[in-house]
Amino acid sequence: MASAAASEEAVKAAKVLMVGAGGIGCELLKTLALSGFSDIHIIDLDTIEVSNLNRQFLFRKTHVGQSKAHVARDAILKFRPNINIKSYHANVKDSEFNVDFFKQFNVVMNGLDNLDARRHVNRLCLAAEVPLVESGTTGFLGQVTVHVKGKTECYECQAKPVPKSYPVCTITSTPSKFVHCIVWAKDLLFAKLFGDKNQDNDLNVHSKDGSSSNSDVFKRDADEDLDQYARRIYDHVFGYNIEVALENEETWKNRKRPTPIYSREALPEEALKQNGTSGDCTKEHEEPSAMASLGLTNPQEIWTLADNSRVFVEAFKLFFQKREKEVGNLIFDKDDQLAVEFVSTAANIRAYSFGIPLHSLFEAKGVAGNIVHAVATTNAIIAGLIVIEAIKVLRGDYKNYRMTFCLEHPTRKMLLMPVDPFEPNKSCYVCSETPLLLDVNTKETKLREVIDKIIKSKLGMNLPLVMIGSTLVFEDGDGLEEDEAANYALNLDKVLAELPAPVINGTKLTVEDFQQELSCSINIKHREEFDEEKEPEGMVLSGWSAPVEKQVNSNGANKSAASSSSAHDSVEDISSKPGMKRKLDEISETKENCGASTSAQVVEDDDDLTMLDEDPKLKKKRSL
Amino acid sequence: MDLSKYVANLILFFRRLRIRAFRAMGGGGGGAEEELTAQETALYDRQIRVWGVDAQKRLSKAHVLVCGVNGTTIEFCKNIVLAGVGSLSLMDDHVVTEDDLNSNFLIPHDESIYGGRSRADVCCQSLKDFNPMVRVDVAKGDPSLIDGEFIDKFDIIVVSCASLKTKLFINDNCRKRNKHIAFYSIECKDSCGEIFVDLQNHSYVQKKPGGDPKQQELAYPSLQEAIDVPWKSLPKKTTKLHFAMRVLERYELSEGREPGETSLSDLPAVLALRKDMCDRMSLNESQIPTALLERLVAAGKKEHPPVCAILGGILGQEVIKSISCKGDPVKNFFYFDAADGKGVMEDIPPTPAD
């Protein structure tokens with residue numbers, strides 16, 4: 001039993017880092033503590049919410065609002081006071097968690113909920129040469145993978161499909177699914193009415209009255225009472241805008257024509273009066289809720305058009321009555337009851353108009369909030385598997401590393417299926433030095449666009465630095481000299497060809513992130529024509545991740561992935577990207593992140609979304 | 001066959017079908033009429049998105065008994081209390097010893113708290129804290145003596161750290177009752193684990209990805225029937241752990257040992273028993289590797305915490321599936337071995353293919 005003793009020794013001596021104290025994190029911390037780990041550091045920036053309590057068992061109702069990392073630490077110490085747990089209520093992307101910080105650990109274990117943080121941790125682990133055990137769950141599905149530099153693939157060696165996004169016109173004019181209506185209600189209508197007024201918004205994109213007068217339509221007139229205002233907006237977006245859209249006969253040639261809806265029909269005066277003016281029944285200390293103030297109690301029920309309309313108007317008014325200060329900078333949040341009510345009912349009214357089946361508030365919330373299905377059991381199993389792999393890592397038992405999938409439907413009798421890890425992808429821009437290729441119009445595109453849309457969004461860099469040859473054209477972060485900062489700010493608004501070192505066809509950019517210790521090269525290809533629908537960014541990056549060729553078999557899991565898009569995002573469907581082939585097409589698994597969208601507003605839940613293809617024929621081993 | 005008989009048969013067939021469908025949809029016994037409270041909807045939001053409102057309502061009406069409190073069953077208890085079962089009763093009068101601390105995270109390292117108290121008693125309070133909406137209590141008594149009337153209070157019975165004799169006794173009792181009581185046994189031997197499931201006749205809604213929901217029927221063998229299956233009739237690739245666990249179980253029974261009361265010194269006698277059993281059942285001894293038996297006897301009562309989490313998680317899922325009549329349940333054994341990382345289902349005796 002020498003091996004058991006060796007494991008025990010390795011565990012006792014280990015210093016480990018856990019990133020994430022949510023669904024997987026709670027289970028992991030408990031299992032680590034029981035397994036003899038005695039020096040555990042844990043980072044999580046989240047605070048506790050009620051909907052966490054069904055699985056994040058270290059938390060109680062009284063903890064709602066407190067730091068997950070701190071509460072988890074305290075809960076474990078109550079049972080195992082003799083171990084050392086250090087908790088950080090912080091973002092793992094903060095600069096204090098640099099490569100040197102990571103170097104102190106023997107292994108890092110992720111229980112994260114978003115692609116962005118996962119990629120960041122992956123890079124730090126590569127730079128610090130610390131093994132990473134990565135995990136994710138959704139519903140009954142889950143996976144654990146091991147990433148050890150030079151031995152197995154890194155987290156970014158394989159495609160991470162971005163959530164599906166939709167062509168702008170599907171959202172603004174021709175919705176055919178409920179999710180289209182949700183995206184419209186959330187990203188266009190809600191953002192227009194309650195969000196930042198300066199943001200681009202396609203809400204009226206197809207209306208005939210031109211963009212100049214549009215902004216005024218949504219403004220409240222000086223002498224308008226709230227009810228009039230609400231009804232005017234209602235009539236405008238559900239009635240007038242639909243009439244305008246109907247004028248374009250071409251659009252409806254092969255489609256069902258929508259029905260304009262006006263408040264006087266959907267919402268008779270009496271119905272509104274019956275319930276009095278809004279706010280009467282809402283107690284001051286409670287979170288305002290339109291359904292509560294209208295006496296509706298069951299969020300599982302599908303409401304009629306009239307009820308949806310009542311709640312819509314009520315929610316609209318409550319925003320101005322109870323939360324006026326926030327209007328103008330609200331961002332949709334799945335835990336904001338009033339916002340959920342507004343978005344759900346708006347989506348339903350629009351769905352009604354387009355002949356799309358209506359949904360309950362509960363269902364609509366799931367779609368709008370991009371909520372990840374989560375249960376305690378899967379998290380517990382995944383945490384167990386993480387610890388098993390972590391112990392192998394600590395013992396250097398790399399021949400026995402496995403990635404393991406937790407399945408809902410058994411495959412070759414297996415519910416837990418171990419697979420040999422893959423070797424590093426030689427063309428991975430993160431763990432190899434393969435250059436990327438960027439198609440861009442160098443005469444029109446500004447450096448700022450390349451940095452925001454490509455370097456930060458796509459390459460996931462936090463504080464990038466951009467060099468052309470030996471000329472530094474941009475640097476991010478604190479500690480810059482004033483003149484440097486001013487110089488970089490100037491460069492940001494220059495087009496590529498006019499930078500101090502001009503970027504033209506064939507130029508090679510060097511991009512670095514000091515915190516992540518990641519450096520990569522981008523070869524520039526000048527191109528003037530871009531397809532507006534397929535390439536809305538006016539740039540195409542290739543070689544940055546192997547694409548996914550086939551549609552992922554989802555077990556229903558992709559329902560939530562489908563909703564994370566925003567109409568502002570790119571409209572391309574990753575599965576149809578040209579010129580990109582799936583590198584390891586024998587791989588059956590695809591990991592997906594629930595909130596992988598590049599728009600920062602996407603709300604994420606605590607656990608990850610996983611997609612698995614359970615077809616055993618696709619599964620082939622690939623030895624180290 | 002004459003026409004009237006044919007029609008009568010047809011009517012009977014459809015009636016049966018309707019009754020089954022009714023049961024599977026949440027009809028009958030208790031039903032699922034009442035709505036969940038706002039509090040329940042908020043707390044269970046994420047899991048309702050996995051298994052639906054009806055399953056959640058059924059869960060809240062289910063009564064679960066756990067005989068034998070250890071690291072593995074406590075993982076299971078945590079999972080179903082979080083999920084929101086109606087009630088959970090713990091039966092284990094053993095006084096807590098230091099050994100219990102190794103894998104049971106609900107027992108604090110403080111003798112002034114656990115000293116002199118039973119395992120069930122110490123764990124009960126913490127489980128209550130996990131979810132105030134679930135009733136958790138201690139059922140005093142000896143699992144080997146529980147009677148039918150007591151058993152009738154439950155829908156699910158989970159047995160662990162009990163002798164084969166006790167398991168057979170409880171399983172037999174469950175099958176004799178008029179009401180449907182699902183039986184599970186679960187054991188963790190360090191890095192290995194076994195779950196046995198007897199749902200008797202179970203009808204459920206099967207939903208394969210991309211397919212329409214389908215009503216399915218399963219008929220389970222009893223524990224006695226399952227372990228009596230001649231080894232030579234089992235497929236060659238049957239998990240070796242299945243045979244190894246039978247040898248160990250038989251050894252403990254014949255030596256009059258407590259469950260898990262083995263050590264490395266028992267290995268020669270266990271190997272002799274292996275030869276004996278393999279000869280009788282015409283199985284090649286290599287199907288039960290010595291190294292595996294060695295690990296199992298050396299394990300004794302030791303549970304490896306990650307394996308507890310995995311087994312307790314799988315069992316939690318299985319119990320939720322069985323209560324909700326949704327999803328393919330394990331029929332009828334589940335094995336996990338951390339050495340190869342596989343979590344495997346075995347159907348013993350194998351269900352004949354249609």
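W184(A) lies in helix α7 (residues 178-194) of chain A; helices (H or I, at least four residues) and strands (E, at least two) are DSSP runs, numbered from the N terminus. The model is predicted: local features need pLDDT of at least 70, side-chain atom pairs count only at pLDDT 80 or more, and totals for chains, interfaces and linings use all residues. Residues are numbered from 1 along each chain as its sequence is written, chains are lettered from A and ligands numbered from 1 in the order in which they are written, and side-chain values use heavy atoms, with hydrogens and water left out.

W184(A) has a relative accessible area of 2% and is therefore buried (under 20% relative accessible area; exposed is over 50%, partly exposed in between; 1.4 Å probe, protein chains only). Beyond four places in sequence, its contacts (heavy atoms within 4.5 Å) include I171(A), L203(A), F238(A) and A346(A). A346(A) is 162 residues from W184(A) in sequence, yet their C-alpha atoms are 8.8 Å apart.

Helix α3 (residues 68-79) of chain A has 12 residues, so at 1.5 Å a residue it should span 16 Å; the expected span is 1.5 Å times one less than the number of residues. The end C-alpha atoms are 17 Å apart, which agrees. S67(A) caps the N-terminal end of α3(A), with a side-chain oxygen 3.3 Å from the backbone nitrogen of A69(A). Buried residues of α3(A) include V71(A), A72(A), A75(A) and I76(A). The buried residues of this helix pack against α2 (23-34), β2 (39-43) and β3 (84-88) of chain A.

Helix α2(A) also meets chain B. Its axis and that of helix α13 (residues 305-324) of chain B come within 8 Å and cross at roughly 140°. The two helices are therefore oblique to each other. K30(A), T31(A) and L34(A) of α2(A) make the contact with P305(B), P306(B) and A309(B) of α13(B).

Backbone geometry was also examined in chain B. The peptide bond joining K331(B) and N332(B) is cis, with omega about -10°. N332(B) sits in the loop between α13 and β9 (333-337) of chain B. The bond from I348(B) to P349(B) is also cis, with omega near -5°. S282(B) is not a glycine but has a positive phi of about 55°.

Over residues 205-214 of chain A the pLDDT is below 50. Where pLDDT is low, the predicted coordinates should not be read in detail.

Terms used
A polar contact is a pair of N or O atoms within 3.5 Å; within protein, one must be able to donate a hydrogen and the other to accept it, and residues adjacent in sequence count only if both atoms are side-chain atoms. pLDDT is the predictor's confidence in each residue, from 0 to 100. Axes are lines fitted to C-alpha atoms, for helices over the stretch in contact, and angles run from 0 to 180 degrees between N-to-C directions. Angles under 35 degrees count as roughly parallel, over 145 as roughly antiparallel, 65 to 115 as roughly perpendicular and the rest as oblique.
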